[in-house]
Amino acid sequence: MTLTIETAVDLGERTNEADAGEAQWFPRGCRPCVGENAYRAILDHAPSCEQCVDDVSRCETGLALWRVVRSARR
């Protein structure tokens, strides 16, 4: 799949501190890859997160990952 503006999922602006100052980048990925990686992140995160184990709606990280998974399915 060719990544285009129409097919890319915007993952938000990132800032890295480099030796010469701050560097900004804007990562993007195709929907299948973004969804797959978000789902894997949930599997890593949720079992060790007390909030996710009790009620995922109380965990900002868990909710954000589920939103990414759902948006990647569109």
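**Close-up 1. Arginine 40 and glutamate 36 lie four residues apart in helix 1 (residues 31-45), so about one helical turn separates them.** Helices here are DSSP runs of H or I with at least four residues, strands are runs of E with at least two, and both are numbered from the N terminus. The model is predicted: local features need pLDDT of at least 70, side-chain atom pairs count only at pLDDT 80 or more, and totals for chains, interfaces and linings use all residues. Residues are numbered from 1 along each chain as its sequence is written, and side-chain values use heavy atoms, with hydrogens and water left out. The two side chains form a salt bridge, 3.0 Å from N to O (a side-chain nitrogen of Lys or Arg within 4 Å of a carboxyl oxygen of Asp or Glu). A search of the whole structure returns one salt bridge. Arginine 40 is partly exposed at 48% relative accessible area, and glutamate 36 is partly exposed at 39% (buried is under 20% relative accessible area, exposed over 50%, partly exposed in between, with a 1.4 Å probe and protein chains only).

**Close-up 2. One aromatic pair is found in a search of the whole structure.** Tyrosine 39 and tryptophan 66 make up an edge-to-face aromatic pair, with 6.4 Å centre to centre and 70° between the planes. Distant parts of the chain are linked by the pair, as tyrosine 39 is in helix 1 and tryptophan 66 is in helix 3 (residues 60-72), 27 residues apart. Rings of Phe, Tyr and Trp (its six-membered ring) pair if their centres lie within 6.5 Å; planes under 30 degrees apart count as stacked, over 60 as edge-to-face and the rest as tilted. Tyrosine 39 has a relative accessible area of 38% and is partly exposed; tryptophan 66, at 30%, is also partly exposed.

**Close-up 3. The disulfide count is zero.** Cysteine 33 is in no disulfide, and the nearest cysteine sulfur, that of cysteine 30, is 3.2 Å away. Cysteine 49 is likewise in no disulfide, with the nearest cysteine sulfur, that of cysteine 59, at 3.7 Å. A disulfide is a pair of cysteine sulfur atoms within 2.5 Å. Cysteine 33 is partly exposed, with a relative accessible area of 43%, whereas cysteine 49 is buried at 11%.

**Close-up 4. Threonine 61 lies in helix 3.** Its relative accessibility of 42% counts as partly exposed. Threonine 61 and isoleucine 42 are 19 residues apart in sequence, and their C-alpha atoms are 8.7 Å apart in space.
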